[in-house]
Amino acid sequence: MRRSVKLWALLMALMLIAAACGGSDDAGTGDGDNGDGAAEGATLVFGTSADPVVLDGALVSDGESLRAIDQMFEGLVTLEPGTTEVVPGLAEDWEISDDGLTYTFNLRDGVTFHDGTEFNADAVCFNFERWYNFEGTFQNPAASYYWQTVFGGFSDGKTPSLYKGCTATDDLTAVLEINNPSASILGALALTSFTMASPEALEQYDADSGKVDADGIFSPTGTYATEHPTGTGPFMFKEWVRGDRLTMVRNPDYWGEFEGNIDELIFRPIADPAARLQALQAGDIQGFDLVDPQDYETIEGDDSLQLLNRPAFNVGYVGFNQAVKPLDNLAVRQAIAHSINRQEVVDAFYAGQGVVATQFMPPEVVGYADDVTTYDYDPELAAQILEDAGVQTPVQIDFAYPTDVERPYMPDPQANFEAMVADLEESGLFEVEQKNATWSPDYLDNVDNGRYGLYLLGWTGDYGDPDNFVGTFFQTEQPAWGFNNQEIFDALDAAEQETDPTTREQMYQEANRLIMDFLPGLPYVHTEPGLAFTANVEGYTPSPVSLEPFSVVTVN
Amino acid sequence: MLRFVVRRLLQLIPILLGVSILLFAFVRALPGGPAIALLGERATEESVERIETELGLDQPIYVQYGRYVRNLVQGDLGTSTRSRQPVLEELKQKFPATVELAFAAMLFAIILGIPLGFLAAKRYLGFLDNASLFVSLIGISFPVFFLALLLKYVFAIKLGWLPTVGRVDVTRSIEHPTNFYLLDAVLTRDWEGVVDVLKHLVLPAIALGTIPLAIVARITRAAVLDVLNEDYVRTARAKGLDPSVVDRRHVMRNAMLPVVTVIGLQTGLLLTGAVLTETVFAWPGMGSWMLEAIRFRDYAVIQGGILFFALLVSLTNLAVDVSYAYLNPKIRLSR
């Protein structure tokens with residue numbers, strides 16, 4: 001017996017020594033920090049919420065795939081960092097024909113893909129033709145979502161397509177033709193899904209071949225999207241171990257200026273937000289996205305960490321379905337708007353990261369109007385409006401919220417809902433029948449089919465164009481809103497097609513004024529999601545559409 | 001013995017079929033479908049219909065099940081709707097991670113639990129006994145995720161000794177012939193890699209191993225107490241046998257039977273139940289994989305994973321039964 005006790009004691013001692021030894025070498029992830037100042041050849045490990053799906057921009061629409069692809073690929077145009085303003089990318093400049101149907105892109109000279117092949121007008125047209133000719137499962141909206149959103153259909157002609165053709169008139173001039181004028185197309189071309197891939201790599205690594213299993217689920221058989229993504233961007237693909245890391249290295253032949261000092265960029269998937277924060281605190285990662293609002297205080301209180309806010313690019317709103325009476329009465333809608341204390345809701349449930357919305361798009365989007373009609377919290381005014389309109393009070397309304405869901409614009413739907421219901425009932429003007437359903441599919445289904453009167457919902461933008469906000473909501477008659485207002489529909493149609501940027505902005509501002517006078521719903525919040533970094537990371541510029549290059553980031 | 005094993009293996013077939021039917025029905029009863037999970041709030045009615053047709057979800061459920069079983073028999077677990085990889089391929093990567101962690105956790109539980117339980121029994125009602133009871137109670141009642149956060153706070157954030165997430169440092173390249181990283185590092189003679197992998201294993205293994213540790217300690221204590229009161233132990237002592245030999249040969253060997261059972265069952269449980277630990281430590285194993293699959297309504301992964309769990313638990317139970325026979329020749333496995 002005594003011997004075995006000794007044995008255990010020895011073992012424990014060994015374990016302790018092992019643990020102590022572990023402490024003697026640096027537990028950091030070797031972020032290349034060699035004292036003060038910018039470290040040459042730094043490594044930055046960024047904590048993501050999940051693995052990318054695949055690394056082919058044309059086939060994804062989820063944030064984590066796009067984030068990775070953004071570092072390795074570039075489009076004809078891009079966005080000024082931190083804004084939604086379109087600036088030259090692989091195209092130095094462009095001309096738009098007077099009829100708005102022809103876009104002539106003058107390409108940058110001397111750009112090469114990561115495989116050494118030349119980027120030119122043929123490569124541009126190759127990419128457009130590839131997207132346009134997608135077949136079968138590639139036409140699945142879960143795959144080519146952005147093509148379908150921006151260009152509509154494919155070459156098979158089943159649904160009309162905005163795309164007409166692409167011609168390389170010379171080595172550095174690519175002419176894109178479209179079937180109808182669309183001013184939003186230039187902004188859309190900045191999307192990660194329309195970045196340029198090396199034609200040679202696409203063919204060599206079978207980007208477009210795959211098999212469909214018995215359940216009809218497509219899986220790529222080529223290795224392009226998992227092992228050989230080849231773009232022109234500042235970082236090149238090195239290695240991807242699912243669940244563990246995606247490693248990218250600096251492109252030594254990058255055509256542009258590489259402002260930062262990161263040589264090796266690693267995306268590490270950590271699904272749990274608390275684990276991401278701890279990994280940051282321990283130095284295992286140097287940054288992460290999607291910070292939990294409850295952690296803001298911890299990060300801000302820690303000198304070795306920093307919190308950045310991404311400009312708002314979403315809207316949370318109370319929808320009014322005018323097919324449900326008496327919501328067709330403008331006075332009732334106005335009275336509801338004046339009875340809900342939106343400021344209090346935003347203060348109480350958004351951890352300081354929300355701002356009260358005045359219209360259905362965030363201020364960062366072109367076409368935002370400073371002078372729309374606003375509806376301040378004023379129950380007395382609400383009572384007056386109803387009285388003037390001769391509406392009998394209390395007004396019976398039904399109001400629904402989703403369960404089992406958190407959205408960026410709605411971290412706690414039930415709490416928002418309860419506060420609003422309390423406001424409405426305290427005013428004495430409304431009697432609310434409360435409803436709820438699980439977010440997916442019941443709630444969304446009920447909303448889309450117009451089964452609720454009032455309902456909580458919201459939207460996160462895909463790209464920096466007003467059409468992606470108000471156009472999505474109000475350009476056609478929809479059961480969710482239950483109204484037919486030709487004036488608004490026409491205003492949005494005209495604004496979408498206008499190609500002159502200044503006129504277009506004014507047209508959208510006017511549309512926003514019209515909408516907020518008509519009050520089809522009550523927008524109540526835009527939120528600014530948080531990103532966290534260690535204090536030695538500089539230069540990261542949060543973008544409303546999350547288009548954030550790491551090539552400008554410096555690790556000190 | 002062989003007949004027993006074969007019969008038990010044959011019994012697996014109806015069990016797995018039953019599990020697969022239940023699973024198939026349950027998974028389809030989940031709110032939301034893969035189409036909506038894929039498309040989210042951008043889902044339009046047409047696009048949902050199109051995906052459902054494409055995934056064959058618009059066909060009668062028995063047709064879908066028939067197709068599923070047919071593929072299953074051919075070893076095809078389907079394709080993940082999220083990663084677009086075959087489920088079997090993903091399983092091959094995820095399972096070794098879970099096994100590695102489960103074994104490390106069980107090793108921790110056994111190495112500490114058996115001696116703790118043994119000493120507690122030897123010092124029955126003494127200080128050590130009470131202390132071990134106290135430790136066990138805490139071990140069982142402490143929420144795993146909280147323990148994990150606490151361990152990380154102390155050993156990673158405050159002391160900086162150990163990493164908080166993952167299986168290996170992301171800046172280190174190691175080859176993966178087997179996907180058991182420790183084994184991989186040893187096989188490729190990457191000794192720094194071995195140390196790195198071990199450092200990544202310590203905290204998750206402790207977090208995951210605490211409950212089994214408490215259980216193993218309590219069961220060992222009870223079993224040893226029983227045996228200590230047996231006549232043959234008193235006889236052995238009376239005839240002047242070295243006390244350590246008595247402990248080893250008479251007490252421990254006889255007390256091990258229930259302990260082995262518990263170890264077996266706990267191992268089986270750890271292989272399937274490490275969802276929390278894996279999530280908190282971003283450990284790319286079965287648990288976090290299944291959680292992700294449920295989040296994204298990845299039917300093929302949910303079904304394949306749980307079916308695999310069922311197979312695993314059945315096999316673990318079988319292994320426990322077989323090891324009984326080894327430890328106690330009185331047990332006959334003919335039935």
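These notebook entries record what I looked up in a predicted model.

**Conventions.** I number residues from 1 along each chain as its sequence is written, letter chains from A and number ligands from 1 in the order in which they are written. In this predicted model, local features need pLDDT of at least 70, side-chain atom pairs count only at pLDDT 80 or more, totals for chains, interfaces and linings use all residues, and side-chain values use heavy atoms, with hydrogens and water left out.

**Chain B.** I found 14 helices and zero strands in chain B; helices are DSSP runs of H or I with at least four residues, strands are runs of E with at least two, and both are numbered from the N terminus. Of its 335 residues, 50% count as buried, meaning under 20% relative accessible area, with exposed over 50% and partly exposed in between (1.4 Å probe, protein chains only).

**Val6(B).** I located Val6(B) in helix 1 (residues 2-29) of chain B. Is Val6(B) buried or partly exposed? Val6(B) is partly exposed because its relative accessibility is 43%.

**Thr117(A).** I placed Thr117(A) in the loop between strand 5 (102-107) and helix 3 (121-132) of chain A. Thr117(A) counts as buried because its relative accessible area is 16%. Beyond the neighbours within four places in sequence, I noted contacts of Thr117(A) with Thr112(A), Ser198(A) and Glu200(A); contact means heavy atoms within 4.5 Å. I also looked up Leu330(A), 213 residues from Thr117(A) along the chain, and the C-alpha atoms of the two are separated by 61 Å.
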